[in-house]
Amino acid sequence: MTTTIALVTGANKGIGLETARQLAARGVTVLAGARDAARGREAERALRADGADARCVSLDVTDAASVQAAADWIEQEYGRLDILVNNAAIAVGGGPPSATDLGAMREVYETNVFGVIMVTNAMLPLLRRAPAARIVNMSSEVGSITPMTDPASPLSKMPAGLAYPSSKTALNMITALYARELRDTAVKVNAANPGYTKTDLNGNTGFRSAAEGAEPVVHLATLADDSPSGILWGYLWSPEAPQAPYGPLPW
Ligand SMILES: NC(=O)c1ccc[n+]([C@@H]2O[C@H](COP(=O)([O-])OP(=O)(O)OC[C@H]3O[C@@H](n4cnc5c(N)ncnc54)[C@H](OP(=O)(O)O)[C@@H]3O)[C@@H](O)[C@H]2O)c1
């Protein structure tokens with residue numbers, strides 16, 4: 001049986017590390033991307049201690065040379081890539097839209113938007129060689145315009161700066177357009193919503209564990225061939241059903 005090879009960006013902690021762990025538990029060989037080599041090695045050690053077939057790879061999603069070097073290394077080592085999880089992201093800048101710090105907003109877009117495009121385009125030749133490749137873009141319900149503007153939704157009450165939510169809205173369209181371009185291929189491209197998860201990204205204020213946050217990501221990364229491409233799917237946070245199951249979210 002051939003091994004499935006997955007690359008997870010920003011896999012040294014949080015939901016990315018848990019995604020790597022859960023994919024590995026399904027027998028997937030996991031390449032744990034980390035922008036800091038020491039943090040990457042630590043993640044590799046932790047994953048291997050749990051029995052994972054894991055290797056760290058240096059990957060700063062904002063650095064073209066780093067992204068290309070990672071793609072070249074994967075090509076040399078494996079010749080293809082089955083799963084790409086674009087997980088790395090930052091959340092800086094806050095306050096109302098009228099007080100937007102454009103510097104912070106550019107920084108967020110470099111990682112959360114341009115970084116995803118750069119990594120995806122560098123990995124696509126390898127993904128096209130896989131029999132049934134899956135790309136999962138880590139989005140968020142705060143990038144979903146419908147609940148963010150629906151007064152009945154808890155999301156409409158969350159304080160939100162422009163940078164992070166709009167970066168995820170952009171990522172949603174990016175997901176939809178990659179899925180459209182690749183619809184006649186074996187590559188599926190979907191966006192995941194992990195739900196409000198306790199990680200460093202939000203000062204550990206989330207109400208879901210990182211392991212729970214990784215569940216919808218792993219689901220989309222391992223979709224069967226007759227599954228959809230070009231959807232936003234994951235945790236459904238509704239006041240009526242706080243423990244609602246997973247499902248598709250509106251863009
Ligand atoms: N937590 C939530 O409630 C929540 C909700 C919805 C969506 N998400 C999404 O879930 C994903 C994971 O977030 P998280 O909550 O697990 O956050 P996290 O714990 O802060 O982890 C973020 C990861 O991204 C990495 N990263 C940041 N910039 C990078 C870069 N330029 N190159 C490579 N790696 C970089 C970080 O590396 P360092 O350790 O080096 O900083 C870290 O490994 C993100 O896409 C986030 O937007 C999270």
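A: One convention comes first: Ala, Val, Leu, Ile, Met, Phe, Trp, Tyr, Cys and Pro count as nonpolar, Asp, Glu, Lys and Arg as charged, and the others, Gly among them, as polar. The model is predicted, so local features need pLDDT of at least 70 and side-chain atom pairs pLDDT 80 or more, while totals for chains, interfaces and linings use all residues. Residues are numbered from 1 along each chain as its sequence is written, and side-chain values use heavy atoms, without hydrogens and water.

Q: How many cavities of 30 Å³ or more turn up?
A: The whole structure holds one. A cavity is a set of points on a 1 Å grid over the protein atoms alone where a 1.4 Å probe fits but cannot get out, whereas a pocket is an open set with protein on both sides within 12 Å along at least five of seven lines; lining residues have an atom within 4 Å of a point.

Q: What is the volume of the largest cavity, and which residues line it?
A: Its volume is about 60 Å³, meaning the space filled by probe spheres on grid points joined across faces, edges and corners. The lining consists of V92, G93, G94, T100, D101, A104, M105, G161, L162 and A163. Five of these residues are nonpolar, four are polar and one is charged.

Q: And the largest pocket, how much space is in there?
A: The largest pocket contains about 1,200 Å³. It is lined by 48 residues, and A89, I90, A91, Y164 and L201 come closest to its centre. Helices α1, α4 (102-128) and α6 each give two or more residues to this lining; helices are DSSP runs of H or I, at least four residues, numbered from the N terminus.

Q: Which element gives the most to that lining?
A: That is α6, with four residues. Overall, the pocket lining has 21 nonpolar, 19 polar and eight charged residues.

Q: Where is the ligand?
A: The ligand takes up the space of the largest pocket, as more than half of its atoms lie within 2 Å of the grid points. Both α1 (14-25) and α6 (163-181) give two or more residues to the shell around the ligand.

Q: How many residues surround the ligand?
A: There are 29, with a heavy atom within 4 Å. R35, N87, Y164, T197 and T199 are the closest. The shell comprises 11 nonpolar, 12 polar and six charged residues.

Q: How much of the ligand's accessible area does the protein cover?
A: The protein covers 95% of the 900 Å² that the ligand has on its own, by the Shrake-Rupley method with a 1.4 Å probe.
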